[in-house]
Number of protein chains: 2
Amino acid sequence: MHRRKKWGESAILDTKAPAASSAKKARKYGGKYGGKAVRLPFAERREQILEEATSLFAQHGLTAQTRAIAAACGISQRLLYRFFPTKDDLVREVYDRAIVGPFRARWFLDLSDRSRPVHDRLCDFYTDYLDVLLSRRWLRLFLFFSLEEADLAPTYISSVITKLLETIAYEVAHELKVSMDMPPAAVHELAWTLHGAISHYAIRRHIYGASQHVPQGIVVNMHVGMFLGGFEGIVREFEKAAA
Amino acid sequence: MHRRKKWGESAILDTKAPAASSAKKARKYGGKYGGKAVRLPFAERREQILEEATSLFAQHGLTAQTRAIAAACGISQRLLYRFFPTKDDLVREVYDRAIVGPFRARWFLDLSDRSRPVHDRLCDFYTDYLDVLLSRRWLRLFLFFSLEEADLAPTYISSVITKLLETIAYEVAHELKVSMDMPPAAVHELAWTLHGAISHYAIRRHIYGASQHVPQGIVVNMHVGMFLGGFEGIVREFEKAAA
DNA sequence: ACAAAAGATCGTCAATTGACGACATATGCA
DNA sequence: TGCATATGTCGTCAATTGACGATCTTTTGT
């Protein structure tokens, strides 16, 4: 937001909307349309719109303009409304696809595979999780949704993440042979110390532009090691405090 | 963003701009002005504007309208431009005041007070830090700035936080009597495991609306305990890997 | 070949929004 | 008292933006 952007020079819509017609507006439909866009079948065009909308929302927030999305697709703005009744419908579908969609059911299986050390399972899981979910695009989208659409984000958090936290906590407890006699909320907070630390690592990398120096593998290892190293002590302390 | 908001019913500017004049626009200046706002000295009005702007930016993002800010102050929109040449100038000053301002120099002193156990120092520090800095308002503002104004946020992170991370890491290393023969970036990542975990706790509380069940004091204790419990092992492992 | 369906565009409307010129009124001070 | 100055408002402009009626063009089925 440098000074006021000069009128007509949009920061987002720089792809130059499809020819504003050289002749002012003399002829109405002077024989031929600008008809440039290649004709695509319904489903395909719809995918393309969702894809471009996702990118633009991730870059500029949910306020990214419908005109910019159309320009990115190489189509007229009006055409968007043949696929989505309102911008809000488009926004919601982007949320379902790009936020909730990428979650992998396989993660739960791999995390529960007790034939491998839990340390390795956690490192592998978070390496994958960072690449697939905690990417720059996903994170920016998620934060924009959380900040601007308070009613959508919680859905995602509560259901899937909770299950993930419980899986992690119980797998670690099993390998360390400690019992977890604490209320569910406490179990969640315990697992959040690892999950939150790694999530924040992704946030500072992708959102704040920091933590670029130490390789990701080392960082993941450090976080997992810290978690496993402190886990038993915390559980014992919790049981002592509860007694 | 439910459906399309009806025209004229702004989600943000609901304070009804100071009387749109009952009579359509018949009389131009019909003898008396609407002159409602109490007259304030320059500096005082300026403070008020910054305060209201901060609140609105935190709630709705940096796109909150100048008209809404003016309405919140009970003044005309035009008056804002007597204090800030452009909206962008207002935004930047809000950043300096509300983001960078609240940082306490005292934190560094208290963290370095070796007459107290480092566990207590860390718990006290993060309790205060959560209340003062990682509040809902500060966090939302910081995230909006990070997402929408990529050039401002890094300033804050790099200078102050780095110093904080180093202080914490070295104080813990001193008490645990371990040497820290590792590159600065690694020291930072090490301290980030605690600082990031707590920051993320604040984010999920204030931004995602989660983690409301376990009392803050317990959570802080858990994070600090986890950090101290895993610290030594990680440092040793790092030294082994480097050898 | 030809009409209906599907894909795509033009032009425009009304609300929003940052900015500002012109004008009004209260306050302080000589 | 009287005017210069500081504080404040009105009205409006131009660019932006979601939405949509009216039309045009290509494809498809018979």
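Modeller: Helix 4 of chain A and helix 7 of chain A cross in the left-handed sense; a crossing is left-handed if the near helix is turned anticlockwise from the far one by less than a right angle, and right-handed if clockwise. This is a predicted model, in which local features need pLDDT of at least 70 and side-chain atom pairs count only at pLDDT 80 or more, while totals for chains, interfaces and linings use all residues. Residues are numbered from 1 along each chain as its sequence is written, and chains are lettered from A and ligands numbered from 1 in the order in which they are written.

Two packed helices are described by the angle between their axes and the distance between the axes. For helix 4 (residues 87–100) and helix 7 (residues 136–148) of chain A, the axes come within 10 Å and cross at roughly 135°. Helix 4 of chain A is therefore oblique to helix 7 of chain A. Axes are lines fitted to C-alpha atoms, for helices over the stretch in contact, and angles run from 0 to 180 degrees between N-to-C directions; under 35 degrees counts as roughly parallel, over 145 as roughly antiparallel, 65 to 115 as roughly perpendicular and the rest as oblique.

From helix 4 of chain A, the residues A:Tyr95, A:Ala98 and A:Ile99 meet A:Trp138, A:Leu141, A:Phe142 and A:Phe145 of helix 7. Residues are in contact if their C-beta atoms, placed from the backbone, lie within 7 Å. The residues of this contact between helix 4 and helix 7 of chain A divide into 7 nonpolar, no polar and no charged. Here Ala, Val, Leu, Ile, Met, Phe, Trp, Tyr, Cys and Pro count as nonpolar, Asp, Glu, Lys and Arg as charged, and the others, Gly among them, as polar.

Of the 243 residues of chain A, 33% are buried, that is, with 20 or more other C-beta atoms within 10 Å of their own, whereas 12 or fewer make a residue exposed and numbers in between partly exposed, C-beta atoms being placed from the backbone. Among contacts in chain A between residues at least 6 apart in sequence, 69% join residues at least 24 apart.

Chain B is superposed on chain A by a rotation of 180° with 0.0 Å of shift along its axis (RMSD 0.0 Å), fitted by least squares on the C-alpha atoms of residues with pLDDT of at least 70 in both. The two copies are thus related as by a two-fold rotation axis. The same surface serves both copies, in that 98% of the contact residues of chain B recur in chain A.

Chain B gives 50 residues to the contact between the chains and chain A gives 49 residues. On the side of chain B that touches chain A, the elements giving two or more residues are helix 4 (87–100), helix 7 (136–148), helix 8 (153–176), helix 9 (184–206) and helix 10 (216–242). Helix 9 of chain B supplies the largest share of that side, 12 residues. By class, the side of chain B that touches chain A has 23 nonpolar, 18 polar and 9 charged residues.

Notes. Two residues are in contact if their C-beta atoms, placed from the backbone, lie within 7 Å. Helices (H or I, at least four residues) and strands (E, at least two) are DSSP runs, numbered from the N terminus.
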